[in-house]
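Reader: I have a model open and I am new to this. How do I read its features, step by step?

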There are 2 protein chains.
Amino acid sequence: MKKNCIVAQSGGPTAAINASLAGVISGVLNSDSYDRIYGAVHGIQGVFNRNFLDLTELAGLAYSPIDHLSTTPAMYLGSCRYKMPSIQDSPETYEEIFRIFEEMNIGAFFYIGGNDSMDTTAKLAEYARKTGNSIKIAGVPKTIDNDLIHTDHTPGYGSAAKYIATSMLEIAHDTYIYDIPCVTIVEIMGRDAGWLTAAAALARNNYNPTPQLIYLPEVPFDKERFLQDVETEIKKSKNIVIAISEGIRYADGTYVSSHAATDDKFGHAQLSGAGKVLEALVKDRLKIKVRSVELNILQRCAGHLASRTDLDEAVKLGEFAVSFTAKGYTGFMTATRRKSDIPYLYDIEMADVSQIANRAKTVPLSWITPEHNNITQEFMNYMRPLIQGEVSISYRDGLPVYIEIPHLRK
Amino acid sequence: MKKNCIVAQSGGPTAAINASLAGVISGVLNSDSYDRIYGAVHGIQGVFNRNFLDLTELAGLAYSPIDHLSTTPAMYLGSCRYKMPSIQDSPETYEEIFRIFEEMNIGAFFYIGGNDSMDTTAKLAEYARKTGNSIKIAGVPKTIDNDLIHTDHTPGYGSAAKYIATSMLEIAHDTYIYDIPCVTIVEIMGRDAGWLTAAAALARNNYNPTPQLIYLPEVPFDKERFLQDVETEIKKSKNIVIAISEGIRYADGTYVSSHAATDDKFGHAQLSGAGKVLEALVKDRLKIKVRSVELNILQRCAGHLASRTDLDEAVKLGEFAVSFTAKGYTGFMTATRRKSDIPYLYDIEMADVSQIANRAKTVPLSWITPEHNNITQEFMNYMRPLIQGEVSISYRDGLPVYIEIPHLRK
């Protein structure tokens, strides 16, 4: 009798995480190795709660729900923010999960997510190894933050980058209209890594030099140099646009954001407001008209502007996760290895998931200019392929048609 | 010898104002009545400064720049924030403008804009009438705010509404993912009128009841009733989304926004932050997870998500302005008069521009529910036709291709 599979999603939403799910589903459906594919609702907690959807049935429908799924933003299966205890601290947690796996005749478990999800994946794989359980445990990467190591980039990043670059271009058109000096500060997601903020630079073209200045959290933010940068640029152009990461911080490590940094369950500082702080600074010190814009959660859920390249890769990374487990591999995360920028070529391989969790990949310092206020051409070459291509989504009554998610609204 | 025309744009940007411009250009080019069409750069100030582009030449290009123009957001000709003095206070201002019109053999002047621009249009028309000048002065409406009287709605509103509704739907997918109670407050533009905020309701569908609550500036905001509304809704759904106008205010007239209200040149209070204020209120009083999102300037400049219906109407309102002046009319603004919601039908007519300036059309109180926390089906029926249809824009290198605006970056 063939084994079944479980797939779950965790962490924050992206425009590509349902494409990864679609890839896992199609991988299982097209595989000779597995029978049914169940989706655990709300991440690993869906396993505890025995809250499953039988995704095998999606394939039996008349229309193509897998394609429809892959262009729907956020998470079809829902997410959780659950920090797995260590095996030492709570062996009963693992015993319970693997008892459920056993009951459901599970041969492979796929966890789609970012850093914290790979922590869960690594722990489950470790437990299986220690207990001699043959179940295969695989991670499938996704995070708009692009901060996973051992992969060229992560699904979700390209779509977020495309949304950010498009928004920056449209903001540029918006800023051009007045004939008086004006500074527009755009705050972009990125607590510890500047990958998303750098994507703002993709909006530059032969008539649009904005954003003229880009500040990433990888290098210390210097308030006085920032003010000098603004003064220099405003002399060159009437209107300037500045892209900043939410996580920019001073040399002493304190965040530019004025909000008190509180901790979430994973120990990350929660931030907002660096744009507002710099808006006030420019207003007070330079007496120039200034405004700030926070792109906020639309960066990660704007399915209508997803990158075709990003979604296609997400599907493949899901499909390959299935084929690798079918070949007997476990304890890995599927990863991309880039072979060429132009033309864009990559391989899909496996990375040891225990080496990925709880680390973060930041922007190489060599990709940030020595002045700490811009990025290099090499970084542009890295990002450009990831935003290529558009998705074709249906509209009904003026709005995008996404896959329905009534099971998340109980 | 045929006369020439001047067209200019003013006020804030929209995704449709270049479609209005395209309509005026094509109206002139297809007219037997006029020769050349000049664009004044930066509104009426472009006339003073003799800063003109010869738009007649756009039509001579091999590709179709008029189509390309109409799908480009913000303002091809730039804007200004210039309050025309009264004729009594500064007759020399009017003498100077009409001297330039005379020099350039101008037969008609078209001003595309909102309330303040119609003030300028009305004053110019009044001066022409008083001095017996035969030049025709016409206003072409645009404003995302939809607050012009004597027209069913304004170009720019439909595209902004489509962006808002799409964003709300994507935010809904984003909010669904967690299994814990959460309140998301979305702050939408609208100082005195709730037209834009109401568009959030268009995101509702058979699986999405969000936004459950909508608060508009037309009715007093009651803090305690708001908290009761949130408590009631959070019991029904784990995740609730609330749409609020930036301009909501208490019964005594003070804004919910905590920012000091300062005045711009036209005497409007400048606002931001009502969402942040309510976020803090919910956190403090109800101890529920809460976040706020400000849609900000992308509401008015997201050309990639413009409404086809909106752009088509904007073109027609521009074309009709030309044909009405060619027939000898002056001192009007083109306007839409709706004949039917389903199927959607409207006429284009003229409204006396002197009756439009310095007034604002707010949402009828009968379109707001008695509880002051939602809108009626009649309001939905009004909005729905305006967001129908998508624009086809080209993408290059992953980004929308908009018309180039080097003349705004001198």
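Predicted model: local features only at pLDDT ≥ 70, side-chain atom pairs only at ≥ 80, totals over all residues.

Reader: Is Pro209(B) buried, partly exposed or exposed?

Author: Count the C-beta atoms around a residue. With 20 or more within 10 Å it is buried, with 12 or fewer exposed, and in between partly exposed. Pro209(B) has 17 C-beta neighbours inside 10 Å, so it counts as partly exposed.

Reader: Where does Pro209(B) lie?

Author: Look in chain B, in the loop between helix H7 (195-198) and strand E7 (213-215).

Reader: Now the inside. How many residues has the largest nonpolar core?

Author: General idea first. In soluble globular proteins, nonpolar side chains tend to be buried together. Here the largest nonpolar core has 265 residues. Ala200(A) and Ala200(B) have the most contacts inside it.

Reader: What does Ala200(A) touch?

Author: Leave out residues up to four places away in sequence. Then Ala200(A) touches Ile164(A), Ala165(A), Met168(A), Val186(A), Ile188(A), Pro211(A), Ile214(A) and Ala243(A).

Reader: Next, helix pairs. At what angle do H8 and H9 of chain B pack?

Author: For any pair, read the angle and the axis distance. Helix H8 (residues 223-236) and helix H9 (residues 274-286) of chain B pack at about 70 degrees, with axes 11 Å apart. Angles of 65 to 115 degrees count as roughly perpendicular, so H8(B) and H9(B) are roughly perpendicular to each other. Their crossing is right-handed. H8(B) brings Lys223(B), Leu227(B), Val230(B) and Glu231(B) to the contact, while H9(B) brings Leu281(B), Val282(B), Arg285(B) and Leu286(B). By class, that contact of H8(B) with H9(B) has five nonpolar, no polar and three charged residues.

Reader: And H1(A) with H11(A): how do they cross?

Author: At roughly 40 degrees, and the axes come within 7 Å. That makes H1(A) oblique to H11(A). This crossing of H1(A) and H11(A) is right-handed.

Reader: Last, the two chains. How many residues does each give to the contact?

Author: Chain A gives 52 and chain B gives 52. Then ask which elements contribute. On the side of chain A that touches chain B, H6(A) gives the most, with nine residues. That side of chain A divides into 28 nonpolar, 14 polar and 10 charged residues.

Terms used: Residues numbered from 1 in each chain as written. Chains lettered and ligands numbered in written order. Core = buried A, V, L, I, M, F, W, Y, C linked by C-beta atoms within 7 Å. Contact = placed C-beta atoms within 7 Å. Axes fitted to C-alpha atoms, helices over the stretch in contact; angles between N-to-C directions. Helix = DSSP H or I, 4+ residues; strand = E, 2+ residues; numbered from the N terminus. Parallel < 35°, antiparallel > 145°, perpendicular 65-115°, else oblique. Left-handed = near helix turned anticlockwise from the far one by under 90°. Nonpolar A, V, L, I, M, F, W, Y, C, P; charged D, E, K, R; others polar.
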